[in-house]
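Please keep the sequence and the model in view while reading.

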Amino acid sequence: MMTLKDYQRRSLDTLSDYFVACQQHENVDTAFYSVTRQSLGFGIPYREVTELPGVPYVCLRIPTGGGKTIVAAHSVGTAAKDLLHTDAPVVLWLVPSSVIREQTLKALRNRKHPYRQALEAALPSVEVLSIQEALVVSRPTVAGNATIIVSTMQAFRVDDTEGRKVYEQSGALMDHFTALDPALASQLACYDNCQPVQSFANLLKMHHPVVIVDEAHNARTSLSFETLARFSPSCIIEFTATPAAENNASNVLCSVSAAELKADHMIKMPIRLETRPNWKELLADAIALRQHLEQEAALERQVTGEYIRPIMLVQAQPKSQTHETLTVEVVERCLIEDFDIPEEEIRRATGADREIDGIDLADPKCVVRYIITVQALREGWDCPFAYVLSSVAEMRSSTAVEQILGRVMRLPGARRKMRDDLNMAYAFSASADFVDAARALQDALVQNGFNRQEAKELIASMPTNEQGRFDLFFETREVVGEAPKLELLPEIVRKKVSFDPEAKALIFTGEMDDREMKALQECFDSSEAKAGVETICRNSRRYLKKQAATPAERFEPFAVPVLAIRQGELFEPFEETHFHEVPLRLSKCLPELSENEYSAKRFDGKLAEIDISSRGQLSVRFVDTLHQQLSLLLDEGRQSVAQLVNWIDKNLPNRQDIFPSESGPYLTGVIHYLIDQRGFTLAQLIGDKYTLRQKIAEKIDALRKRQWLQSYQTFLLPECATPLVVTPEACFVFKPHEYPYNTRYQGAHLFSKHYYHEIGAMNGEEERCAVFLDRMAEVEFWARNIERRPLHSFWLQTATDKFYPDFVCKLKDGRYLVVEYKSEKAWSDDDSTEKRDLGELWAKRSGGACLFVMPKGLDFAAIEKAVNA
């Protein structure tokens, strides 16, 4: 199964947290504010949709190229487990077009496809249906499987031919409506005789489907809301790069940035833009670039084995009735006649000509290298081999390129390439004005889900020589004083190197990477010559960056010792698995649930309690009511304590540290305690089993955390059998190419010592602390440490989670300084005290190599004092 990227897993974790919070707070509004405050540092008010009161309705914002659909597939299991507590949810998967519908159906039905594997990893049995198949689905299919119905929103509109079938009486669905509980039947659309209409709409309504909305910005109208409300969804999860922000704005639960996509190697960055007034000259440049990229891809394959065949997308002009245009036919003829491109390497992709349909463009046997289009690639097409976008029309409007641009942004294999040219995308515009073209390209990026500042920074001009033409084959030379032993070089490097014996200069063609630099240095004996190679490497990178201005761009090492534990001869970072290893012995815990842990008030006739929503409207406690109604679908029969215990046991989350021999007796004891000591009836507990399961899970989690705390504290003691140490042999390393901030610093101060060009967001007082650090003479460079990025940020393990200090600094004397800013008010609370104690322990165990300071508010003198002590 495909391994999820860090930001994808984090998005799903946030969704899971939200569903759990909906049950804990019994309010979708409070839950949303609570979870966004935890993940973002500030709470966001929830915008309730009038037509869907109380329904969890949230959006996951992931830009183009970020893998929205794989996250959507995993979200089905998250909703089933954390909100519905069932293995057989009904899921309505809505897509924006018929093309996407057919592609999604094909992928979800293919057991080898990552989307289907994501579903099957969470759900024991999966059935994927088209809307036509769903109109005749059998009752056993729905009862025994997670039923995924893929459709468009249009198919549920009453004025649509197919939509009318959704609401009409259907004899094929008769079995679903036999022996219905009266309480459930009363919730459905009925005839005058009070009998439910045996329609597919009613079938959906009784099962409260999970609704997945792909490209959700197309489906946020009052008509769409009214349509969804007819099916009483259990939740609605939107996936889009561009959530609605004004009218009917989306509830964005989490948002992924371009930096996060880059850090996980999902997209090509930056986009190199070249403008040229003459369209044939432009094509010549673009073709030369594509050919250069193919040579780079061949070198990449020799080293890594990965096959890439760079493809160029040529955007032609539409036909005009009034004047001549550069149509698909004109461009194709130019490629063949003027540039000698073989016909078999060219394909058309327009509304009339669909010559790439059915072709596997990633197949090494495929020869396609040029695809001519107008706007037919706007949806349902994905080829990471597309590297070059060449528009023979001027890019004056984002609409001219926004849909096609996303097709060149995906990085093949989601892995960073050794050849830096293959990590970038390229755009060519037949325009005399670079600024206009860049602005249009920026607007197009915004339409693909990147914010305005990200879009601006993603675009860079193509390097040019003195004649004004871009030069991919520039040479960098440096006097090295001695002849190199070129026979020592690998062949792929030797082809790029020459030596001028008269000037005793080494000449390198193109951009030198770190491995090539080290290989070349081995060809020389003197330190002066080796230094000359390093100079060539640095200067050659002007193709990627005009100036290596930051420590990260200069590849300055930034490795900070962590709290580590010794395992034999090795050291490894101390993290939660070290104190989570001990199984939870539930048999030694009292099987009780107090009134505070599980309230009898739930059974005083106020279960479906009515609240006033944030918009001043009456609303029912939705999640409670949802669980009650779903329970009416189950044929409970005559249940016993053992059957209830078995159901709760099977549906307990996070039970990897609990042996079955421990959970069964404990759960049985809890049920008997509730019946014998607190006066509940078995029927009450069975009717409320969803909430009961949630409350028992919370109690077990509290017991688990208490055990973890005891185990964790043992590791901190000096006399521990495996004491924690701080050693250079176990370090966290800041990666020069990867800094996945979610929100960029937008302040006015120009920092001069930050490790990366970009800086993660800070509040006002954190900014003042950062300014102080940036001005300290003792600081060589520093980094704004990013929350909740364990692969990309320095952290220390607490008993419950990871502590990410605000700032990590390298001092000029070789020591490391870590600073956690706390306001005066928060400095003494339990959380700050725990972090301060942990940071000071880390510093003490380092033997003076590391410093930790938590200034009290604006007492930055404490930082100077620690550094100079």
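A residue is called buried under 20% relative accessible area, exposed over 50%, and partly exposed in between, with a 1.4 Å probe and protein chains only. At 18% relative accessibility, D6 therefore counts as buried. The model is predicted: local features need pLDDT of at least 70, side-chain atom pairs count only at pLDDT 80 or more, and totals for chains, interfaces and linings use all residues. Residues are numbered from 1 along each chain as its sequence is written, and side-chain values use heavy atoms, with hydrogens and water left out.

**Salt bridges**

- Helices (H or I, at least four residues) and strands (E, at least two) are DSSP runs, numbered from the N terminus.
- R10 has a relative accessible area of 12% and is therefore buried, and D6, at 18%, is buried as well.
- R290 and E294 form a salt bridge through their side chains, at 2.7 Å from N to O.
- Helix α13 (residues 279–304) holds both R290 and E294, 4 residues apart, about one turn of the helix.
- R290 is buried, its relative accessible area being 4%, whereas E294 counts as partly exposed at 22% relative accessibility.
- The side chains of K705 and D701 also meet in a salt bridge, at 3.4 Å from N to O.
- K705 and D701 are both found in helix α26 (residues 689–716), 4 residues apart, about one turn of the helix.
- K705 is partly exposed at 42% relative accessibility, and D701 is partly exposed at 24%.
- A network of salt bridges links K319, E329, E332, R348 and D353.

**Cysteines**

- The structure contains 0 disulfides, a disulfide being a pair of cysteine sulfur atoms within 2.5 Å.
- C809 takes part in no disulfide, and the nearest cysteine sulfur, that of C769, lies 8.2 Å away.
- C809 is buried, at 0% relative accessibility.
- C366 is likewise buried, with a relative accessible area of 12%.

**Surface charge**

- A patch of negative charge on the surface gathers E787, D801, D829, D830, E834, D837 and E840.
- Patches are made of residues with over 30% relative accessible area and no salt bridge; like charges are joined within 9 Å, and nonpolar side chains (Val, Leu, Ile, Met, Phe, Trp, Tyr) within 5 Å.
- Accessible areas come from the Shrake-Rupley method with a 1.4 Å probe, and for residues only the protein chains shown count as cover.
- Lys and Arg count as positive and Asp and Glu as negative, while His and the chain ends are not counted.
- The place of a charge is taken as NZ of Lys, CZ of Arg, CG of Asp or CD of Glu.
- E787 is situated in the loop between β23 (779–784) and β24 (796–797).
- With a relative accessible area of 44%, E787 is partly exposed.

**Backbone geometry**

- The peptide bond from M269 to P270 is cis, with omega near -5°.
- P270 is placed in the loop between α12 (258–263) and β8 (271–275).
- H208, a residue other than glycine, has a positive phi, near 45°.
- The loop between α10 (200–207) and β5 (210–214) holds H208, which is buried with a relative accessible area of 6%.
- A414 is not a glycine, yet its phi is positive, at about 50°.
- A414 is located in the loop between α15 (402–405) and β13 (425–429), and it is buried with a relative accessible area of 18%.

**Spatial separations**

- I44 is in the loop between α2 (28–40) and β1 (57–61) and is partly exposed, with a relative accessible area of 22%.
- I44 and D29 are 15 residues apart in sequence, and their C-alpha atoms are 9.4 Å apart in space.
- L108 lies in helix α4 (residues 98–109) and is buried at 0% relative accessibility.

Key. Salt bridge = Lys/Arg side-chain N within 4 Å of Asp/Glu carboxyl O.
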